[in-house]
Amino acid sequence: MKKMLLSLIALSLVLAPAAWAKSRSGLVTYEVDLSKQDAGKETKLWVPYAVSDKNQNVTDVKVTGDFAASAVYTDPVNGTPILFARWDKGATSRKLSYSFKVERQEIQLKNLPTSEPAWNSADYAEYLQPTSMGPTTGEIKKLSDQITQGKKTVLEKARAIYDWTCENMYRDPATRGCGKGDVCELLKRPGGKCTDISSVYIALARAAGIPSREVFGLRLSKKAQEDITTYQHCWVEFFLPGFGWVPVDPADVRKAMLVEKLELKDAKTREYREYFWGGIDAYRFKLAQGRDLVLNPPQAGAPLNTFGYPYAEIGGTPLDFYEPKGFSYTINYLER
């Protein structure tokens, strides 16, 4: 009997994501080198700039380089901090180093209130609007209405959409970067990565009248030291009246299912679904939010679909931030 009890305890620890670390901290260093890009043209660089909030503490910030000018600005629409640097036309070396220590806390918001006070959706209008790739009318509205049929409160509708997203989307490892989040295309072929899966959730939620937003960040390694250049990740927050913003991450549910070869019916899948409903792990930190961004100072190129990666322009022409080797940037993590 005692041996069986110990076996059950051990199994529960393996299955339960809640056994993950409650906090994670380390030094994150961005190294950007644009020296090999076309010479004789003004070069501009925008990098997502991490700041402290109630769930993460950012300290020991250092910015060095051979730029002509550098400053931290704020995106006036979404409030995203931006590190900006500029090199003159005659610059032969164009390097920037940006480092900071971040300590991130796990979030677990369980037993969410089921009663809903009166609230004014106009106060959250910006989180109910469609984006260039995330409509809230037409087919997405029809689907949202089907998913939330019979649900009365924001919490009930948000959970129904979360369950539908976990059950009907899937992670496609062949997707470039984090995905574009083109919701209309994703309704035809529901496979992608975090931006794709999060975007579908947000479009469905906004169509149902639920204020919601994507949060863009970077994963912290579970190793003592690692190159995390391609560790970008995004997740979702929806607004629960009378409570506040609640994180959900159906994309990480589907990632865990892919990596661990899980089926929807598996007990461990259920554990992940409950963990990422109102919770996110400590192995990530927030950098930005918003879609269709006009940066500050404004970029010459089109509005950015997302701002989870460094962005640069050479003579007004954007570089491909999905290609860090050609762009020439690395992001490293060192446990502290």
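These notebook entries record what I looked up in a predicted model of a single chain.

**Entry 1: overall build**

I began with the secondary structure and found eight helices and 18 strands in the chain. I then checked the radius of gyration, which is 21 Å; the globule rule gives 20 Å for 336 residues, so the chain is as compact as a globular protein of that length. Along the principal axes, I noted that the C-alpha atoms fill a box of roughly 70 × 55 × 35 Å.

**Entry 2: burial, surface and contacts**

I looked up burial next: 50% of the 336 residues count as buried.

**Entry 3: helices α2 and α5**

I examined how helix α2 (residues 139–147) meets helix α5 (residues 194–207). The two pack at an angle of about 80°, and their axes lie 8 Å apart. Angles of 65 to 115 degrees count as roughly perpendicular, so α2 is roughly perpendicular to α5. On the α2 side, I listed Ile140, Lys141, Leu143, Ser144 and Ile147 as making the contact; on the α5 side, I listed Ala203, Leu204 and Ala207. Sorted by class, this contact of α2 with α5 has six nonpolar residues, one polar and one charged.

**Entry 4: Thr195 in α5**

I stayed with helix α5 and selected Thr195, which is found in it. Is Thr195 buried or exposed? I found a relative accessible area of 2% for Thr195; burial requires a value under 20%, so Thr195 is buried. Leaving aside residues up to four places away in sequence, I recorded that Thr195 touches Cys178, Gly179, Lys180 and Gly181, together with Glu214, Phe216, Cys234, Arg291 and Thr306.

**Entry 5: helix α6**

I turned to helix α6 (residues 250–259) and asked how many of its 10 residues are buried. Seven are, so α6 is largely enclosed by the rest of the structure. Finally, I checked the backbone just after α6, where Lys261 takes a positive phi of about 55°.

Methods:
Residues numbered from 1 in each chain as written. Predicted model: local features only at pLDDT ≥ 70, side-chain atom pairs only at ≥ 80, totals over all residues. Heavy atoms only, no water. Axes fitted to C-alpha atoms, helices over the stretch in contact; angles between N-to-C directions. Helix = DSSP H or I, 4+ residues; strand = E, 2+ residues; numbered from the N terminus. Parallel < 35°, antiparallel > 145°, perpendicular 65-115°, else oblique. Contact = heavy atoms within 4.5 Å. Nonpolar A, V, L, I, M, F, W, Y, C, P; charged D, E, K, R; others polar. Rg over C-alpha atoms; globule rule 2.2 N^0.38 Å. Buried < 20%, exposed > 50% of the residue type's maximum accessible area, 1.4 Å probe, protein only.
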